[in-house]
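Subject: Structure handover

Hello,

Here is the structure I said I would pass on. My notes on what was found in it follow below.

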Amino acid sequence: MSEQKRKPIVNWLILITTIVVVFLLGLLASSITQRKAEAVFAYTPTVKINQEEPRNDVWGKNFPREYQSYYETEDTSFRSKYNGNAMIDMLEVDPRLVVLWAGYGFSKDYNQGRGHVYAVTDLHNSLRTGGPTGPDDGPMPSTCWTCKSPDVPRVMKRDGVAEFYKGKWARLGPEIVNPIGCADCHDAETMNLRISRPALIEAFERQGKDINKVSHQEMRSLVCAQCHVEYYFDKKRPDAEGVPYLTFPWDKGMSVEAMEEYYDNKEFKDWTHKISKAPMLKAQHPGYEVYLTGIHAERGVSCADCHMPYKSEGGVKFTDHKIQSPLNNIANSCQVCHRQEAKTLIKNVYDRQDKIIENRDKLEELLVRAHVEAGKCWDLGATEEQMKDILMGIRHAQWRWDYAAASHGGSFHSPVEIGRVIATGIDIAQETRIKLARLLINLGFEGEVPYPDISTKEKAQKFIGLPMEKLEEEKAKFKQELLPQWLKEAKERESKYKTETIQ
Ligand code: HEC
Ligand code: HEC
Ligand code: HEC
Ligand code: HEC
């Protein structure tokens with residue numbers, strides 16, 4: 001055969017050529033992957049961004065894809081079975097909420113959360129912020145701005161943190177105008193993720209943990225944990241006496257019991273219930289805490305993996321900043337990890353939500369009854385001593401209901417834990433109603449305390465005695481008079497910001 005006759009030198013030549021070709025191919029492949037990686041993050045900055053730049057459109061000049069997708073949170077067209085980005089009046093959907101929150105702002109107005117772009121507008125419009133007429137007027141403290149805007153880190157840096165939390169909500173009206181955005185989550189110099197809110201850093205410090213030492217994957221959840229968490233206003237800090245200082249109640253842990261113990265030890269209450277006089281806790285939105293107890297967190301899946309998946313546009317891969325219900329984007333949010341069809345995955349989510357909500361509704365009705373029965377006991381002349389245990393029972397049962405209801409997405413993020421929390425809530429509510437039945441008999445009352453007619457939001461608000469017309473008039477006046485002044489002042493201030501262009 002001819003090969004056998006080939007001279008050794010030819011064999012050597014073939015071998016060397018092959019090595020060289022393979023080497024060159026390798027170089028080419030590595031350069032391609034490198035380019036690809038560059039394409040992910042490469043950008044040509046057109047402006048120099050200052051760390052405290054609150055205007056999202058200025059950041060958008062350098063990062064148009066992220067900015068455009070962020071701006072799509074403007075969309076309000078998607079509704080899933082229980083969530084989505086449409087404006088839904090939750091008090092209309094479920095008028096029992098009005099009774100549960102009697103005496104507290106949420107009974108006036110409570111809507112389902114919309115996209116981040118609306119954070120400031122929705123706060124202007126909410127009846128909960130009232131109709132202030134000047135900087136020292138209105139029901140809410142300035143602390144309420146903290147989770148709404150990149151103007152927050154800007155003003156905190158300028159004035160100091162405790163100073164920021166001082167005074168009324170209306171005091172900072174002309175300052176806080178840009179909705180949640182880039183500076184809330186990013187360092188302007190490196191574009192790395194950053195924690196801009198002191199409450200989260202301080203909560204870590206009190207537990208002896210350094211937030212600067214967490215992994216990149218944890219940061220993809222912690223940026224959300226700046227806002228999607230349980231919190232309260234601590235007015236008893238020695239270094240800021242009387243200031244409603246934003247604090248996360250995590251010192252004993254993040255479970256429903258650990259936070260309850262924390263609040264009980266401090267004898268903290270958010271308000272006194274108007275009907276039962278119970279010292280109530282309002283769960284805010286323990287989204288991060290509940291997520292941590294679920295299977296996805298356990299397997300290292302972050303908030304951003306599902307709510308900010310990668311997106312491709314013209315061969316460029318970037319992070320989708322349209323933060324929304326992942327059910328509006330199953331292909332990128334779930335199917336990167338799960339092989340199942342979209343309809344199966346949606347069914348998996350709805351099954352969990354349906355089952356949780358079935359029992360949550362039962363707990364809600366028990367709570368309405370307990371408040372009304374406690375109100376009846378007071379009417380019949382019950383003493384503080386007789387009521388003490390009962391009121392603690394109502395506090396603890398409603399705290400569990402609210403922890404489950406307000407941890408938006410919790411029935412999917414961690415169905416087993418939320419199911420457990422509701423079960424313990426039902427248990428406490430039932431025990432409390434047995435005590436109430438005994439006390440009612442003691443006070444000479446027989447039979448059933450009638451369940452109020454709260455079939456609509458209007459009826460429920462009338463039942464608890466809310467002057468809705470007056471509240472709405474005050475709000476309308478605020479929107480006509482003070483709000484335009486705030487926006488004008490802000491525009492003038494921002495027109496003086498300097499933005500350097502890079503050639
Ligand atoms: C600076 C505070 C803040 C940060 C940081 C933040 N959020 Fe939000 N988020 C809010 C507020 C406030 C709303 C409600 C806005 C409204 O209804 O006007 C909201 C709404 C949402 C909604 C509902 C939107 C819809 O269209 O249904 C989702 C989902 C959400 N956030 C997820 C996240 C995730 C995931 C992260 C982290 C990647 C995050 N958020 C970071 C404050 C924040
Ligand atoms: C709620 C937090 C949050 C907000 C607000 C936010 N980002 Fe991001 N951003 C992220 C996360 C999470 C990533 C993924 C980062 C990672 O894994 O390293 C990211 C990634 C990026 C990246 C890196 C490239 C990419 O697409 O992955 C850029 C650039 C960026 N964001 C720009 C912006 C701009 C511009 C804005 C304002 C319009 C903004 N971001 C607002 C959380 C946020
Ligand atoms: C980054 C990967 C990843 C993403 C993204 C992801 N999952 Fe998962 N999912 C997992 C892992 C891992 C498990 C645990 C199962 C295991 O370890 O075998 C899991 C478990 C589940 C389970 C079973 C949980 C239970 O209750 O026992 C469901 C249902 C589920 N995922 C649905 C979804 C849906 C819906 C989405 C999109 C909104 C999604 N997943 C996004 C990785 C992911
Ligand atoms: C495995 C995927 C997954 C992870 C991880 C995840 N979520 Fe969700 N989230 C969902 C799904 C699915 C829903 C239910 C959406 C629906 O019902 O339309 C949801 C709902 C929500 C909602 C309510 C959305 C609405 O439309 O009103 C918020 C807010 C939210 N998640 C925030 C977070 C935060 C903050 C984290 C991290 C601490 C997180 N999520 C982690 C999948 C995920």
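**Ligand 1**

The shell around ligand 1 is made up of 12 nonpolar, 10 polar and 4 charged residues; here Ala, Val, Leu, Ile, Met, Phe, Trp, Tyr, Cys and Pro count as nonpolar, Asp, Glu, Lys and Arg as charged, and the others, Gly among them, as polar. Please note that this is a predicted model, in which local features need pLDDT of at least 70 and side-chain atom pairs count only at pLDDT 80 or more, while totals for chains, interfaces and linings use all residues. Residues are numbered from 1 along each chain as its sequence is written, and chains are lettered from A and ligands numbered from 1 in the order in which they are written.

In total, 26 residues surround ligand 1, and the closest are Asn-85, Asp-122, Cys-224, Cys-227 and His-307. A residue counts as near a molecule if its C-beta atom, placed from the backbone, lies within 6 Å of it. At least two residues of this shell come from each of α7 (119–125), α10 and α16, with α16 giving the most, 3 residues. Helices (H or I, at least four residues) and strands (E, at least two) are DSSP runs, numbered from the N terminus.

Ligand 2 is surrounded by 23 residues, the closest being Glu-66, Cys-182, Cys-185, Phe-318 and Thr-319. Each of α3 (56–62), α4 (64–71), α10 (182–185) and β7 (316–319) supplies at least two residues of the shell around ligand 2. By class, that shell has 14 nonpolar, 6 polar and 3 charged residues.

For ligand 4 there are 25 surrounding residues, and Ser-80, Asn-83, Cys-303, Cys-306 and Gly-409 are the closest. At least two residues of the shell around ligand 4 are supplied by each of α14 (287–292), α16 (303–307) and α20 (410–413). The largest share, 4 residues, comes from α16. The classes here are 11 nonpolar, 13 polar and 1 charged.

**The chain as a whole**

The chain has 24 helices and 8 strands. Its C-alpha atoms fill a box of roughly 115 × 60 × 45 Å, taken along the principal axes. Of its 503 residues, 38% count as buried; a residue is buried if 20 or more other C-beta atoms lie within 10 Å of its own, exposed if 12 or fewer, and partly exposed in between, with C-beta atoms placed from the backbone. Among contacts with a separation of 6 or more, 71% are between residues 24 or more positions apart. Two residues are in contact if their C-beta atoms, placed from the backbone, lie within 7 Å.

The largest nonpolar core has 88 residues, of which Leu-367 and Ala-374 touch the most other members. Helix α19 (residues 384–406) gives the largest share of this core, 10 residues. A nonpolar core is a set of buried Ala, Val, Leu, Ile, Met, Phe, Trp, Tyr and Cys residues joined through C-beta atoms within 7 Å. Leaving aside neighbours within four places in sequence, Ala-374 is in contact with Ser-276, Ala-278, Met-387, Ile-390, Leu-391, Ile-394 and Leu-436.

Helix α18 (residues 342–379) has 38 residues and reaches 55 Å from its first C-alpha to its last, close to the 56 Å expected at 1.5 Å a residue. The expected span is 1.5 Å times one less than the number of residues. Just after α18, Gly-381 takes a positive phi of about 95°.

**Hairpin and loops**

Strand β6 (residues 310–313) runs antiparallel to β7 and is joined to it by 4 bridges; two strands pair if DSSP finds at least two bridges between them. Glu-313 has Val-316 in β7 as its bridge partner. The two strands form a hairpin with 2 residues between them, and Gly-314 in the turn has a positive phi of about 55°.

Most residues other than glycine have a negative phi. Met-191, in the loop between α10 and α11 (198–206), has a positive phi of about 65° although it is not a glycine. Met-191 counts as partly exposed because it has 17 C-beta neighbours inside 10 Å. Glu-267, in the loop between α13 (256–265) and β4 (271–272), also has a positive phi, near 50°. Glu-267 is exposed, with 7 other C-beta atoms within 10 Å.

Regards
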